[in-house]
Amino acid sequence: MHQLRNSIAYLSRSTPYFRGKRHLGNVISHLLTNFNNNQECISKVKMRDGTSMRLDVRSRTEQWSYWTGAYDNDIISRLSNCLKEKCIVFDVGANIGFYSVPLGRTYKH
């Protein structure tokens, strides 16, 4: 069933944002996920910016990105515009890397 959830989430990530998208996704997650099985809850997701993340549908922080494919894109874009080549960035308390992964991808050498 989680494979069906992943397919629906893939389609969700490729459609424009609409109000209630995450809520609808959470309802689908609860119907199609065994939350006691780690393998069903953690999925590799291609984000809208091209980065890949492993997201856990049980995490409130990660649910939004699982269904939309985005996380603070405006902030990440502003940070990216402030950085120069070969700069060093410390992402303290990075959780799973929502900021550091796209910034690192931008300035990969």
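## Residue N26 in helix α2

N26 is found in helix α2; helices here are DSSP runs of H or I with at least four residues, strands are runs of E with at least two, and both are numbered from the N terminus. This is a predicted model, in which local features need pLDDT of at least 70 and side-chain atom pairs count only at pLDDT 80 or more, whereas totals for chains, interfaces and linings use all residues. Residues are numbered from 1 along each chain as its sequence is written, and side-chain values use heavy atoms, with hydrogens and water left out.

Is N26 buried or exposed? N26 counts as buried because its relative accessibility is 15%; buried means under 20% relative accessible area, exposed over 50%, and partly exposed in between, with a 1.4 Å probe and protein chains only. Leaving aside neighbours within four places in sequence, N26 is in contact (heavy atoms within 4.5 Å) with Q63 and W67. The side chains of N26 and Q63 are also joined by a polar contact of 3.3 Å. Such a contact is a pair of N or O atoms within 3.5 Å; within protein, one must be able to donate a hydrogen and the other to accept it, and residues adjacent in sequence count only if both atoms are side-chain atoms.

## The nonpolar core

The largest nonpolar core has twelve residues: A9, I28, L32, C41, V45, M47, M53, L55, V57, Y66, W67 and F98. Helix α2 (21–32), strand β2 (52–56) and helix α4 (60–68) are the elements that give two or more residues to this core. A nonpolar core is a set of buried Ala, Val, Leu, Ile, Met, Phe, Trp, Tyr and Cys residues joined through side-chain atoms within 4.5 Å.

Not counting residues up to four places away in sequence, C41 touches R5, T33, N34, F35, L55, D56, V57 and R58.

## The loop between the strands

G50 lies in the loop between β1 (42–46) and β2. G50 counts as partly exposed because its relative accessibility is 24%. The C-alpha atoms of G50 and G69 are separated by 9.4 Å, and these two residues are 19 residues apart along the chain.

## The protein as a whole

The protein has six helices and two strands, which run α-α-α-β-β-α-α-α from the N terminus on. Its C-alpha trace spans about 45 × 30 × 20 Å along the principal axes. Of its 109 residues, 33% count as buried. Among contacts with a separation of 6 or more, 54% are between residues 24 or more positions apart.
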